[in-house]
Amino acid sequence: MGLDIKIPIGLMFTLLGLILTILGLVTAGNTEMYGQSLGYNINLFTGIIMLVFGGFMLFTSRWFKKKNTKE
């Protein structure tokens with residue numbers, strides 16, 4: 001079947017992770033903003049996790065597509 005849901009999910013997580021990572025890097029010096037999260041830069045941590053997950057989804061989508069076309 002030609003429907004692969006990993007591509008749009010991977011693109012969405014990668015794009016949102018990139019936005020959150022940039023926001024976390026830009027606001028890294030603002031300690032008042034991260035007071036409720038015990039001083040942790042939650043935007044940066046969440047953005048990096050989302051980038052890794054989105055990249056993993058895109059990688060597996062391409063890897064399984066290449067693997068299936070060789071058969």
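Trainee: Is Leu15 buried or exposed?
Mentor: Leu15 is exposed, because its relative accessibility is 52% and the cut-off for exposed is over 50%. Keep in mind that this is a predicted model.

Trainee: Where does Leu15 sit?
Mentor: In helix 1, which covers residues 6–26.

Trainee: Which residues make the nonpolar surface patch?
Mentor: Leu15 does, together with Met12, Leu16 and Ile19. The patch comes to about 380 Å².

Trainee: Switching topic. What about Ser61, buried or exposed?
Mentor: Buried. Its relative accessible area is 2%, and buried means under 20%.

Trainee: And where is the place of Ser61?
Mentor: Ser61 belongs to helix 2, residues 42–70.

Trainee: What does Ser61 touch?
Mentor: Leave out residues up to four places away in sequence, and Ser61 touches Asp4, Lys6 and Ile7.

Trainee: Now the whole chain. How many helices and strands are there?
Mentor: The chain has 2 helices and 0 strands.

Trainee: What share of the residues is buried?
Mentor: Of the 71 residues in the chain, 21% are buried.

Trainee: How much accessible surface does the chain have?
Mentor: About 5600 Å². Carbon and sulfur atoms hold 73% of that surface.

Trainee: Last one. What share of the contacts comes from residues 24 or more positions apart?
Mentor: Take the contacts with a separation of 6 or more. Residues 24 or more positions apart account for 66% of them.

Definitions and conventions. Residues numbered from 1 in each chain as written. Predicted model: local features only at pLDDT ≥ 70, side-chain atom pairs only at ≥ 80, totals over all residues. Heavy atoms only, no water. Patch = residues over 30% accessible without salt bridge, like charges linked within 9 Å, V, L, I, M, F, W, Y side chains within 5 Å. Areas by Shrake-Rupley, 256 points an atom, 1.4 Å probe, with all protein chains shown as cover. Salt bridge = Lys/Arg side-chain N within 4 Å of Asp/Glu carboxyl O. Helix = DSSP H or I, 4+ residues; strand = E, 2+ residues; numbered from the N terminus. Buried < 20%, exposed > 50% of the residue type's maximum accessible area, 1.4 Å probe, protein only. Contact = heavy atoms within 4.5 Å.
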